[in-house]
Structure formats: structure tokens, C-alpha cells
Amino acid sequence: MKNKSSFLKILFIGILISSCSKDNKEGYESYRYELWKKCILNNYSVDFVGTQQDDGNYPDFMGFSFDRDHEGIGGIESEEVLENIDEVLQQINNFNIVLLCLGGNDLLNGIDDPQSPIDNIHLIISAIQTVQPDVTIFIEKIAPGNAELMTPEFQLKISEFNQLITNIATSQTNANSIVTAVDMNTGFTEDLLADDVHYNQEGALFIAEKYFYAISSVFNSNSTLTILPLGDSRVEGARP
């Protein structure tokens, strides 16, 4: 994973520069705010946890202030999350839900075999289950990028990755811990994007609704949800 060609590195940097130039001007959304509002509206007690803090502008909702904690880091790949997961879990070890969005940066950065990030994700989930044996993990079948990015070759790569996500969810569910694949890909269209890969407000709501449906299928209303949102810039967001 570390031995990538110079061409692929240059290509990826070009993609990031293209995205970041627009992001810095207009920003982009995480699903977290819309999901938090849906949880509040449906009588869940919700606490986001993580070592990162979102400093964007989020209005209060129904008398509550937005919980800005998360564990999303822009540009991060699955290998880096794996390297840091033990340290994160030492600091954040009291949660009952993980929302996991990983793999997109691996694929963008020239990984040809989707099995490589899947292997890392498998180990990340194992580490989480070791610390929190009863955790429920919702893992994304990732949404596509814009039409320019989604060449037939890249579309095939994402499709293979998402099928492996379904497999890993099945294989890592056990008697104590549910792992569920949440399909963010089906029905996701380019008009839900703020740039090449990040969500606009409508895209964030689309993802939040998928997550909320999955969560509400497992946890009854009035439950206490302590949620670790874990992953990349789609988790982090960049609201002005």
C-alpha cells in the first residue's frame, strides 16, 4: 500500500486540489448534523463521541445544541485508521454504535485490489469489538463520486468494494455484536455532491436518512445512542 507509483500520487493530488479549491470556497456537508436532528426529532438520546471537534456553524434544534464530536479525518486511508485505532479506543471507549465510512480514499489513491482496504477494515472492526463486545457497527457501502470520476474502471472497483463490505458485515456479526452494511450507493446521484466526492446538504440528508433507518431498525425510540462516527472527510465535513 505504501509503494504507489509517482503517476498515481500525482493524479490523486490533482483530484484533491480540484476538490479542496471548491471546498475552501463553499464547504461541504457531513451527514452527522442531519442524523443528529432526526434522532432528536424521534426521541432518541444521542451523544456523538470522538477525538475530533467540528467548528462549523450549526443552528440549535428543538432547544438542543449540536454535538460536534466525531472521528472523521480528511484524506485518511484505512491503513492509517488501523494504525491509530488502538489509541483512539483508549480515549473513546464508551459507545454502543459505530458509523464506519472508509475505503474511498484507498480506491482514489490507486489501490487496484479492493480486498486490501477490506482487510484493514476487518482488523479495525475486530479491534472495536475487542474493546466494546456488544457494539453495533454500521458500515457504508460507499456512495459514488461525480460523473467525471466514475469511469467504468472506477465504477467496477467501487462495486467490488461494496460487495466485499456486504461480505465482511456478515462474517463479523457475532452473538454479541451486529455488523450491518448500509447501502449509500443505490439511489445516490451527482446532484447530491458539493464537489467531486463530498456531500452537499441534500446529499448529507440522503446519507443521514439511510443511517437513521438502519439505526431505528435495531434501537427502539427513547434509546440512548452513544455514536462513534469513524472515517474520512465524508464523516468530518467542512461546513463554514
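1. Let's start with Ser-177, which sits in the loop between helix H6 (152-172) and strand E6 (179-183). Helices (H or I, at least four residues) and strands (E, at least two) are DSSP runs, numbered from the N terminus. Keep in mind that this is a predicted model, where local features need pLDDT of at least 70 and side-chain atom pairs count only at pLDDT 80 or more, while totals for chains, interfaces and linings use all residues. Residues are numbered from 1 along each chain as its sequence is written, and side-chain values use heavy atoms, with hydrogens and water left out.

2. Is Ser-177 buried or exposed? Ser-177 counts as buried because its relative accessibility is 0%; buried means under 20% relative accessible area, exposed over 50%, and partly exposed in between (1.4 Å probe, protein chains only).

3. Who are the neighbours? Leaving aside residues up to four places away in sequence, Ser-177 touches Gln-129, Pro-133, Val-135 and Gln-172. With Gln-129 there is also a side chain to side chain polar contact at 3.0 Å (a pair of N or O atoms within 3.5 Å; within protein, one must be able to donate a hydrogen and the other to accept it, and residues adjacent in sequence count only if both atoms are side-chain atoms).

4. Gln-129 is one of the buried residues of H5, along with others including Pro-117, Ile-118 and Ile-128. Helix H5 covers residues 115-131.

Definitions and conventions: The expected span of a helix is 1.5 Å times one less than its number of residues. Contact means heavy atoms within 4.5 Å.
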